[in-house]
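Here are my notes, jotted down while going through the model.

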Amino acid sequence: MRKLITKGAIALGATVVFGLFAFTSENDSEYTTAEPLYKEKMEFNSNGELMRPSPDLYTSWIFVGSNVAPAELNTGNPTLFPGFHNTYMPPSDFEHFKKTGKFREGTQFIQVNVLTKRELNSGVGYSAGEIHTIKASVKSKKRFPDKPGNWGYFKWNDKHTNPPVASSKVQPTAKCNQCHVAFASDTDYVFLQNYPMLRLYDPNKKVDRTKI
């Protein structure tokens, strides 16, 4: 009986150890820690199009800031000025920026455009309505070698405007990059003036909001 138990314990221990090393070896090739419940970043499909992110993805990201451009104060066209521009950044990209003040290769942003409503429980102003559009930017020298700062921009219409699509081609340079070139060329084409969390943790303090 003692020999049987010993052999069984040894076999069980070997199985656990073997399984542990097999699991570790398999995951170390892709992750530095245990596999998360969902990917941390957006992914491209085989056609080079960026897949539409789910709310589960970007609500786990860092909210870096927002600006608001109500349609009624601009052209009156909610397609051009949908209101709130809520911007999110992957935690790992945010941590890298905090340490270096730079946007590394592969940095991503997601911008959730939300329609404005003149309905507040207190005060006079704007509240958030329905999601209008999802936009994104990705910094990649490999994918966008000819674009300013190697930034590519993407857009998905929401169900409240047009039927949503699963993926987005990179937007033409003249359509998106030109504004970033005109107003953010000194900050790697990212609007730091609109993102208080990036300004707060920028070690180089490239933007002084009090002087804007």
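Is Asp-93 buried or exposed? Asp-93 is buried, with a relative accessible area of 0%; buried means under 20% relative accessible area, exposed over 50%, and partly exposed in between, with a 1.4 Å probe and protein chains only. Before the rest, the ground rules: this is a predicted model, where local features need pLDDT of at least 70, side-chain atom pairs count only at pLDDT 80 or more, and totals for chains, interfaces and linings use all residues. Residues are numbered from 1 along each chain as its sequence is written, and side-chain values use heavy atoms, with hydrogens and water left out.

1. The overall layout. The protein has five helices and seven strands, and along the sequence they run α-β-α-β-β-α-β-β-β-β-α-α. Helices (H or I, at least four residues) and strands (E, at least two) are DSSP runs, numbered from the N terminus. Of the 212 residues, 33% are buried. Take the contacts between residues at least 6 apart in sequence: 53% of them join residues at least 24 apart, a contact being heavy atoms within 4.5 Å.

2. The charges around Asp-93. Lys-41, Asp-93 and Arg-104 are linked in a network of salt bridges, where a salt bridge is a side-chain nitrogen of Lys or Arg within 4 Å of a carboxyl oxygen of Asp or Glu. The closest N and O atoms of Lys-41 and Asp-93 are 2.9 Å apart. That pair links distant parts of the chain, with Lys-41 in the loop between α1 (2-28) and β1 (50-51) and Asp-93 in helix α3, 52 residues apart. For Asp-93 and Arg-104, the closest N and O atoms are also 2.9 Å apart. Since Asp-93 lies in helix α3 and Arg-104 in the loop between α3 and β4, this second pair ties together parts that are 11 residues apart in sequence.

3. The whole structure has six salt bridges. One of them joins the side chains of Lys-206 and Asp-202, at 3.0 Å from N to O. Lys-206 is partly exposed at 33% relative accessible area, while Asp-202 is buried at 1%.

4. Helix α3 itself. Asp-93, Phe-94 and Phe-97 are the buried residues of α3 (residues 91-100). Seen down the axis, they fall within an arc of 100 degrees, so they line one face of the helix; the arc is that of the directions from the helix axis to the C-beta atoms. Packed against these buried residues are β2 (62-69), β3, β4 and α5. Just after the helix, Gly-101 takes a positive phi of about 75 degrees.

5. Met-89, in strand β3, is buried with a relative accessible area of 0%. Its contacts beyond four places in sequence include Phe-94, Phe-97, Gln-108 and Leu-198. Gln-108 sits in strand β4 and is buried too, at 4%. Beyond four places in sequence, Gln-108 is in contact with Lys-41 and Asp-93, among others.

6. The cores. The largest nonpolar core has 17 residues, and Met-42, Leu-50, Ile-110 and Phe-154 have the most contacts inside it. A core here is a set of buried Ala, Val, Leu, Ile, Met, Phe, Trp, Tyr and Cys residues joined through side-chain atoms within 4.5 Å. At least two residues of this core come from each of α2 (55-58), β3 (83-89), β4 (108-117), β5 (127-139) and β6. Another core, of 15 residues, lies apart from it and includes Val-64, Phe-103, Trp-151 and Val-190.

7. Helix α4. Asn-177, His-180 and Ala-184 are buried in α4 (residues 173-184). These residues cover an arc of only 65 degrees around the axis, which puts them on the same side of α4. Their cover includes β6 (151-157). On the face turned away from the buried side you'll find the exposed residues Ala-174, Lys-175, Ala-182 and Phe-183.
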